Amino acid sequence: MESVVLFSLGLVLINAPSPMLIAVGMYLPLETTSAIFVGGCIKALLHWFMRRRQVTGDDANRVESTGTLLASGFIAGESLTGVLLAAIVLAKAGMLTSNFPHAIGSFSLAPDDAFYSSFGGTPFMDDYLVDLAISLIEGEDLGRDDAVDFLSLSFSALDSAGHDYGPNSREALDVMLRLDRSLGRLFAYLDERIGMAHVMLSLSADHGVMTMPEALPVLGLLGRRVDASDVVCYQKSQEDFQMHFGRDEWFIEEMYLNYETLGRRNLLRSTVEKRLAESLERCAAVEKVWTSTELESQSPDLEQNEYLRLYRNSHHPVRSPDLYVQLKPLTLNSLGTETTHGSPYEYDRHVAMLIRVPGVHGRRIADRVRTLDLAPTLAGLLGIAAPPDLEGADWSRRLVPLGVD
Ligand SMILES: [Zn+2]
């Protein structure tokens, strides 16, 4: 506000007619001030018209009052239209209300589009999935003969809540409590229909999530989300690259190089990647840029870096991008208000893995396992031969020691 105060003082000193109005106007967004501008133009036209018609005295006052009312109407009307538009946008986006507990959808006497598009972001989606699972089990008559039936379900409400509100939010806790209840309902149903002695269960997740940077200090940690300066740094790298190699269609999209351009300009992919990686690595948010040449080479010295194996596992020589940007730890790749996952750090990739084997007592195994191990382990437990090229390790012997059945 200091700049506005100083500016008003300046306006008073130069004898401006309404310094406060001008100063407030400076502070308002263009969308709002544009209505004031239109109102002002109408008033100026009115004055010009009155001068031409030589309107004076009471008549002039009456006309001026009408003009002021009209101009104010434009300004107030703009605000009202803004509120109306906001309501329409909100209804269209199907957003939940911002306070917990949330309302779903918007002002409507019946479930409408806004309601249904909000529904996907609520914990009730998981309970709805349990209904679907029960219909599937009945419709397909699962678990009724000697053959193994496999049913895979994805309870995704926690992902939405995690993205929108963060893992430490009331919303995430609410989803967990309700998911627990929904799973309880499914298990009770399975027990009644098939009998839990015949049901093997496994629960896991495909990723974790980063705590909202704003909530990190509570945990004694410091992090941040990327901001405009990081975007500018990326853009400068791209500009530096274009200056160095000449302007051209260098990229197909994001981190995918255009090999046609490289061929036409007789440039090695590794040369171009190296230049880009070096310049991006100068950006404050960037920890390291991995190039496809680096990931595809088998050079042993690279094994020094613990993240190399992870990026190498994620890389497909034909389908993957040419560059991977690894941001610094606890640096969130989101310009908005949400949080996300996708980094190689523990908080994004450490997930639980639970397997319930009928007849085996529950216990915790502290060995480091991978989600990839789940398929061969389930196959091992069920006595199904896994294809020889299936990735992952079979832990079934560890879960069911020999002699126990
Ligand atoms: Zn997600």
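Start by selecting helix H11, residues 269-280, in this predicted model. Show the side chains of Val272, Glu273, Leu276, Ala277, Ser279 and Leu280, which are buried. An α-helix has 3.6 residues a turn, so residues three or four places apart point the same way.

Next, check the length of H11. Its twelve residues should span 16 Å at 1.5 Å a residue, and the C-alpha atoms at its ends are 16 Å apart, so expectation and model agree.

Now colour the largest nonpolar core, which has 16 residues. The members touching the most others are Leu276, Ala277, Leu280, Val286, Val289 and Leu323. At least two core residues come from each of H11, strand E5 (286-291) and strand E6 (323-327). H11 is the top contributor, giving four.

Which residues does alanine 277 touch, leaving out those up to four places away in sequence? Select Ala277 and look for Val289, Thr291 and Leu323.

Most residues other than glycine have a negative phi, and most peptide bonds are trans.

- Go to phenylalanine 100 and proline 101: the peptide bond between them is cis, with omega about -5°. Proline 101 sits in the loop between helix H4 (57-93) and helix H5 (113-119).
- Go to aspartate 141, a non-glycine residue with a positive phi of about 55°. The loop between helix H6 (124-139) and helix H7 (157-165) holds aspartate 141. Buried or exposed? Aspartate 141 counts as exposed because it has 9 C-beta neighbours inside 10 Å.
- Go to leucine 330, also not a glycine, where phi is positive at about 60°. Leucine 330 is in the loop between E6 and strand E7 (331-332). Because it has 17 C-beta neighbours inside 10 Å, leucine 330 counts as partly exposed.

Finally, colour by pLDDT. The average for the protein is 82, and 74% of the residues score at least 70. Select residues 1-29, where pLDDT is below 50; this stretch makes 17 contacts in the model beyond near neighbours in sequence. Then select residues 87-94, also below 50, with nine such contacts. Where pLDDT is low, the predicted coordinates should not be read in detail.

Key: Residues are numbered from 1 along each chain as its sequence is written. This is a predicted model: local features need pLDDT of at least 70, side-chain atom pairs count only at pLDDT 80 or more; totals for chains, interfaces and linings use all residues. A nonpolar core is a set of buried Ala, Val, Leu, Ile, Met, Phe, Trp, Tyr and Cys residues joined through C-beta atoms within 7 Å. A residue is buried if 20 or more other C-beta atoms lie within 10 Å of its own, exposed if 12 or fewer, and partly exposed in between; C-beta atoms are placed from the backbone. Two residues are in contact if their C-beta atoms, placed from the backbone, lie within 7 Å. pLDDT is the predictor's confidence in each residue, from 0 to 100. The expected span of a helix is 1.5 Å times one less than its number of residues.
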